[in-house]
Amino acid sequence: MNKITIGISDLSVGAAPDSIITYALGSCIAICLYDPILKLAGMAHIMLPSSRECPADSNIRKFADTGAAELVRLMEIKGARRIRMKAKIAGGAQMFKVVSESANIGKRNTQATKDILRSMMIPIVAEDTGDDFGRTVEFFSNNGILQVRTAKMGNWEI
C-alpha cells in the first residue's frame, strides 16, 4: 500500500490499495471522490470557496469550484466515470470566533463544496463537517472508507 500525502491546496488520485491522507483540516475541506468499480480514490484539500473571489490566484487546487473540477478531470483520465463517483467530505470547521456569517470560511467552504458537487451530479454519501475542531483524514481506495482523526474528539470512519 502506498500512502499518498497531500497538502493544503493540493490534490491526488490513487488506486487500490493506495490511501490518500491530508493533515490539519480546519476551515478547509477534503473533497474525497470514489469510483467503486475501479477502486479509484481522489482527494482535494481545498482552502477557499470560489476562484472568482481571487481571480489573480492561479492555483486551481485551492478553490472548491476549480479544485473539485480538476479532481474529477484527473480521475476521468485514469478511467473513472462521473456517473459512478460518490463523494465524502470533511472539514469546514469554524476554528475562530467570527463577527459575521460571511467571515465563517468553514461554513462557506462546506456550502461551496456541496454546490459544486451537486452541479456535477456527484452525490455526497457521507460528510463530517462543521464544529470547532481540526481533522486529519485518510481515504482508502480499496473500500472508499474515509477515516477521520481528531485530537479533541477521537477517531471514526465515514
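Residues 24 or more positions apart make up 61% of the contacts in this protein that have a separation of 6 or more, where a contact means heavy atoms within 4.5 Å. This is a predicted model, so to speak of local features takes a pLDDT of at least 70 and side-chain atom pairs count only at pLDDT 80 or more, while totals for chains, interfaces and linings use all residues. Residues are numbered from 1 along each chain as its sequence is written, and side-chain values use heavy atoms, with hydrogens and water left out.

**Overall build**

- You'll find two helices and ten strands here; these are DSSP runs numbered from the N terminus, with helices being H or I of at least four residues and strands being E of at least two.
- Starting at the N terminus, the order is β-β-β-β-β-α-β-α-β-β-β-β.
- A compact globule of 158 residues would have a radius of gyration near 15 Å, and the protein agrees with that at 14 Å; the radius is taken over C-alpha atoms, and the globule rule is 2.2 Å times the number of residues to the power 0.38.
- Along the principal axes, the C-alpha atoms fill a box of roughly 45 × 35 × 25 Å.

**Surface and charge**

- Of the 158 residues, 49% are buried; buried is under 20% relative accessible area, exposed is over 50%, and partly exposed is in between (1.4 Å probe, protein chains only).
- The accessible surface is about 7500 Å², with 56% of it belonging to carbon and sulfur atoms; the areas come from the Shrake-Rupley method with a 1.4 Å probe, and for residues only the protein chains shown count as cover.
- The 20 positive and 16 negative charges have mean positions 3 Å apart. Lys and Arg count as positive and Asp and Glu as negative, leaving out His and the chain ends, and each charge is placed at NZ of Lys, CZ of Arg, CG of Asp or CD of Glu.

- Strand β1 (residues 3-6) has I4 and I6 on a covered face, with K3 and T5 on an uncovered one.
- β1 runs parallel to strand β3 (residues 19-25), and four bridges join them; strands pair if DSSP finds at least two bridges between them.
- I4 has I20 as its bridge partner in β3.

- Strand β5 (residues 40-46) is largely enclosed by the rest of the structure, because seven of its seven residues are buried.
- L40, G42, A44 and I46 point one way from β5, while A41, M43 and H45 point the other way.
- Strand β2 (residues 10-15) pairs with β5 in the antiparallel sense over six bridges, and V13 stands opposite G42.
- Strand β4 (residues 29-35) also pairs with β5 in the antiparallel sense, over seven bridges, and D35 stands opposite L40.
- Four residues lie between the strands in the β4 and β5 hairpin, where K39 takes a positive phi near 55 degrees.

**A look at S12**

- S12 sits in strand β2 and counts as buried, at 17% relative accessibility.
- Beyond its neighbours within four places in sequence, S12 touches residues including I4, I20, G42 and L71.

- Most residues other than glycine have a negative phi, and most peptide bonds are trans.
- The peptide bond from A16 to P17 is cis, with omega near 10 degrees; P17 is in the loop between β2 and β3.
- S9, in the loop between β1 and β2, has a positive phi of about 60 degrees and is buried at 10% relative accessibility.
- A24, in strand β3, has a positive phi near 60 degrees but is exposed, with a relative accessible area of 58%.
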